[in-house]
Amino acid sequence: MEIAPGASHLPRYLSIEHQRALVEQCRALIDGPVPAYVPVVRGGGRMHVRMLCLGRHWNGKTYAYEATRADYDNLPAPPLPDAFRTVARAIARDAGMPFEPDLCILNFYDADGRMGLHQDKDESTRSLAAGLPVVSVSLGDTARFLFGGLKRREPVESRLLESGDAFVFGGPARLRFHGVSRIIPGSAPPELELTGRFNLTFRQYDL
Ligand SMILES: O=C(O)CCC(=O)C(=O)O
């Protein structure tokens with residue numbers, strides 16, 4: 001369902017079995033050999049999520065992508081799992097967007113998790129100019145997702161992203177401001193046995 005030119009919300013995109021499988025992979029990854037961490041960003045503030053970048057690392061101090069986590073522990077970013085790449089490609093195709101994802105930012109939100117309004121604009125100039133999308137997958141607790149305009153001061157729409165939903169923004173919507181104002185604790189499907197929310201945002205760094 002297109003909610004604005006270039007932006008689509010695909011509610012209940014993933015079956016519960018598919019969600020369970022992805023949640024298992026997310027759990028293993030965030031507590032694996034290269035664990036998720038809470039980034040401290042340029043201004044010194046701590047983010048309100050645990051983050052793990054796959055395929056390429058996003059450095060919260062420089063806002064640049066790199067192979068190793070120079071802002072934290074210098075460990076290499078783990079590869080993007082094939083199962084993740086496959087689902088992201090399928091979502092983009094169903095939203096009518098060309099996409100060959102090469103990185104994913106995996107965020108874990110606990111009951112107090114949130115993310116301020118921001119633009120995703122650290123991918124390559126060519127990728128941004130081509131409007132290659134950001135593809136987002138939500139798992140677990142529902143999030144109140146904020147979707148604004150191309151300028152911070154433009155009006156912001158609030159929309160609930162539930163477990164299994166996909167959200168895509170590319171083309172003219174690629175640089176729209178977005179964020180998460182709150183998590184609704186206890187709203188995850190019981191089959192997932194998950195307290196909190198995983199969000200996967202896929203991007204294609206370059207053409
Ligand atoms: O958790 C979400 O739905 C949004 C995540 C996000 O904005 C980001 O990773 O840039």
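This is a predicted model: local features need pLDDT of at least 70, side-chain atom pairs count only at pLDDT 80 or more; totals for chains, interfaces and linings use all residues.
Residues are numbered from 1 along each chain as its sequence is written, and side-chain values use heavy atoms, with hydrogens and water left out.

The sheet is open and has seven strands in the order β1-β2-β11-β8-β13-β6-β3, paired antiparallel. Its edges are β1 (2-4) and β3 (50-54); each has a single partner strand, so one side of each is left without a neighbour in the sheet. From one strand to the next the twist averages 20 degrees. Helices (H or I, at least four residues) and strands (E, at least two) are DSSP runs, numbered from the N terminus. Two strands count as paired if DSSP finds at least two bridges between them.

Strand β6 (residues 103-109) pairs with β3 in the antiparallel sense over five bridges. Within this pairing, L52 stands opposite L106, and R50 has F108 as its bridge partner. β6 also pairs with β13, again antiparallel, over seven bridges; here I105 stands opposite T201. Seven of the seven residues of β6 are buried, where buried means under 20% relative accessible area, exposed over 50%, and partly exposed in between (1.4 Å probe, protein chains only). In a regular strand the side chains alternate between the two faces of the sheet. In β6, L103, I105, N107 and Y109 are on one side and C104, L106 and F108 on the other, and both faces are covered.

Helix α1 (residues 16-30) lies across β3, β6, β8 (134-140) and β13 (197-203), and runs at about 90 degrees to β13. Axes are lines fitted to C-alpha atoms, for helices over the stretch in contact (heavy atoms within 4.5 Å). The angles run from 0 to 180 degrees between N-to-C directions.

Side chains of opposite charge can pair when their charged atoms come close. The whole structure has ten salt bridges, each a side-chain nitrogen of Lys or Arg within 4 Å of a carboxyl oxygen of Asp or Glu. One of them joins R27 and E24, with the closest N and O atoms 3.4 Å apart. These two residues are three apart in helix α1, separated by about one helical turn. R27 is partly exposed at 28% relative accessible area, and E24 is partly exposed at 47%. In another, R69 and D73 have their closest N and O atoms 2.8 Å apart; R69 is buried at 1%, whereas D73 is partly exposed at 28%. E100 and R89 form a salt bridge at 2.7 Å. E100 lies in the loop between α2 (82-94) and β6, and R89 in helix α2, so the pair ties together parts that are eleven residues apart in sequence. D120, E123, R174 and R203 are linked in a network of salt bridges.

R176 sits in the loop between β11 (166-169) and β12 (178-184). R176 is buried but has no salt bridge, and E157, the nearest side chain of opposite charge, is 5.5 Å away. Lys and Arg count as positive and Asp and Glu as negative, while His and the chain ends are not counted. A polar atom of the R176 side chain lies 2.7 Å from the backbone oxygen of G148. Beyond its neighbours within four places in sequence, R176 is in contact with residues including A4, H118, F147 and F169.

Technical notes. A polar contact is a pair of N or O atoms within 3.5 Å; within protein, one must be able to donate a hydrogen and the other to accept it, and residues adjacent in sequence count only if both atoms are side-chain atoms.
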